Amino acid sequence: MSNYHIKHLEEYFQVYRKSVREPEKFWEEIAEEHFLWRKKWDSVLQWDFKKPEVKWFEGAKLNITENCIDRHLATRGDKTAILFEPNDPKEPSEHITYRQLYERVNQFANVLKEQGVKKGDRVCIYVPMIPELAISILACARIGAIHSVVFAGFSAKALSTRINDSDCKIVITADGSYRGAKTIDLKGIVDDALEHCPGVSTVLVAKRIQSDINMKAGRDKWLQPLLDAASKEGDAEIMDAEDPLFILYTSGSTGQPKGMVHTTAGYMVYTAYTFKNAFQYRENDVYWCTADIGWITGHSYIVYGPLANGATTVLFEGVPSYPDYGRFWEVVQKHKVTQFYTAPTAIRALAKQGAEIIDNYDLSSLKVLGTVGEPINEEAWHWYNENVGKGKSPIIDTWWQTENGGIMITPIPYVTPTKPTYATLPFIGIQPALMGDNGEELKGNQVEGRLCIKFPWPSIARTIWGDHQRYKDTYFSAYENMYFTGDGALRDEVGYYRITGRVDDVIIVSGHNLGTAPIEDAINEHPAVAESAIVGYPHDIKGSALYGYVTLKDVGETRDHTNLKQEINQLISDRIGPIAKLDKIQFTAGLPKTRSGKIMRRILRKIAERDTSNLGDTSTLLNPECVQDIMDNAQ
Ligand code: WTA
């Protein structure tokens with residue numbers, strides 16, 4: 001029998017050891033006993049981090065939607081699969097049973113086929129948090145099309161870049177979306193984006209806000225009539241284990257986003273197994289992850305992981321502050337949520353409102369609390385623990401990345417003793433390593449270094465869409481035979497891990513990864529700007545906020561700087577999205593540079609953090625005089 005459900009610490013250590021000593025045997029048992037295969041694999045694992053190449057369950061045939069839907073029909077047909085909670089609490093929630101999900105996914109899959117979508121085609125999904133988002137994802141997977149979900153908060157420019165990068169011919173969207181008290185003209189954004197996407201021939205539009213929108217003849221089609229006319233039955237396409245399941249973009253150190261490619265079998269096995277254990281999921285639990293499906297957290301832990309376990313997963317359209325800051329707790333009470341998974345930035349925003357509001361709600365159903373996306377600070381951890389968990393629901397601080405597919409380092413609730421701000425122990429099968437400044441592995445405890453992973457796990461991304469070389473350069477070139485995460489971490493005296501933050505040019509703002517390069521590119525498009533540098537600085541709600549140093553072309557310029565700041569932020573909004581706007585902008589006469597012309601971000605970061613006591617040696621700079629000037633005028 002495989003160890004599908006870990007129940008105590010001794011068992012964790014025992015299973016962990018097995019997963020490291022005999023990884024193939026371990027994962028083969030899990031895969032064999034808990035999933036539906038059309039054909040079993042010929043080999044469990046082939047890998048080479050030098051190439052790099054990773055293949056799990058090669059030769060196996062399956063369809064992930066048969067695992068997430070069909071196989072539950074006999075025993076869970078009337079159980080709620082997706083529990084949709086709308087933005088407006090006055091609008092009724094919707095319970096979609098496994099049987100209804102089966103029918104709606106088939107209808108959607110049949111519509112996609114009718115529109116000419118075939119196995120291997122890429123489908124762009126730019127849809128808000130409504131049931132059609134999850135259903136369209138599953139419909140793609142059902143017919144073997146590769147979904148590429150773009151978070152519906154990205155701008156037209158960001159959307160078009162992603163559509164073109166993966167060459168999508170079809171876009172699924174909605175007439176608009178609700179976000180708290182606001183409505184957003186999603187279709188308008190799609191129209192703007194498609195001006196730059198000659199390859200897109202079809203746009204399917206879901207109705208959400210009933211607004212009067214522009215429909216381009218021949219290209220744009222309302223989804224509902226097509227769904228109504230489509231059959232509720234349909235066969236799932238039989239896929240190879242290593243066929244791509246989806247592309248999901250993440251920020252990198254250059255302007256072009258990285259389309260991380262996840263494949264079918266390994267992703268399914270790992271997300272399902274981590275879901276079961278990291279959330280200690282049991283039948284009849286009501287699980288709620290507040291992330292947007294547009295991010296990896298939503299892919300793995302709203303859609304695939306929960307559904308593969310036959311769970312009830314809440315899909316929440318709204319925001320924590322609408323109609324007031326009690327909204328999360330109202331939803332927990334209403335649906336008797338058992339597992340609640342959110343981001344530190346949301347916790348900090350809620351904590352700022354005080355704990356009294358929570359007392360109006362009954363949160364006694366909660367058993368497990370989770371966080372993800374950025375380091376959680378001590379204060380937020382305790383607030384969450386005391387006020388939401390009432391000291392009785394363990395907090396799982398789950399560390400992982402888009403590239404990983406699933407949770408990598410986390411306590412297992414009721415199994416691993418937690419420690420504030422620590423992600424604690426590696427999940428089953430994960431072999432972390434901390435690397436020192438000279439490229440050596442730091443052994444033993446009480447060490448701090450760069451976090452790498454030594455051995456493949458089933459849901460590691462296999463490549464970057466269209467750019468395998470970049471995949472190799474970004475993740476497998478820093479250290480030999482290691483996957484490099486881009487994060488720093490420490491290991492304490494008992495072997496617990498604490499993630500200390502990014503060590504590259506990615507800044508995490510409110511849980512969203514933002515590369516500095518694309519933001520700088522956007523700023524530099526402004527005709528008055530000569531160059532710019534972005535750094536992060538601590539922010540009490542967002543975790544990190546963005547500080548921009550901008551030099552103007554005409555130093556003697558007398559323009560109104562307030563307007564200029566607005567123009568710069570507008571440019572960033574247009575090119576990337578409002579999430580990337582700068583909190584502070586400082587106009588400087590120059591930026592500190594090395595003799596080879598590289599901007600010394602370390603110095604700029606210290607100034608933004610107001611920690612100028614130890615700027616290090618500035619004498620080697622090309623232009624040391626600018627440092628004092630920047631310090632004198634810091635915001
Ligand atoms: C950060 C999100 C500290 C980290 C699933 C990582 C975290 C990046 C944690 C990936 C955590 C995520 N503690 N930092 N528990 N979880 N991060 O790709 O820097 O959106 O590299 O995936 O978020 O973000 P991504």
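**Salt bridges and their surroundings**

Modeller: R327 and E85 form a salt bridge, with their closest N and O atoms 3.1 Å apart. This is a predicted model, in which local features need pLDDT of at least 70 and side-chain atom pairs count only at pLDDT 80 or more, while totals for chains, interfaces and linings use all residues. Residues are numbered from 1 along each chain as its sequence is written, and side-chain values use heavy atoms, with hydrogens and water left out.

Biologist: Why is the contact between R327 and E85 called a salt bridge?

Modeller: The term requires a side-chain nitrogen of Lys or Arg within 4 Å of a carboxyl oxygen of Asp or Glu, and the N and O atoms of R327 and E85 are 3.1 Å apart, so the pair qualifies.

Biologist: What makes R327 count as buried or exposed?

Modeller: Buried means under 20% relative accessible area, exposed over 50%, and partly exposed in between (1.4 Å probe, protein chains only); R327 has 1%, so R327 is buried, and E85, at 0%, is buried as well.

Biologist: How do you know whether E480 is buried or exposed?

Modeller: E480 has a relative accessible area of 62%, which is over 50%, and therefore counts as exposed. The side chain of E480 meets that of K50 in a salt bridge of 3.8 Å, N to O, and K50, at 45%, is partly exposed.
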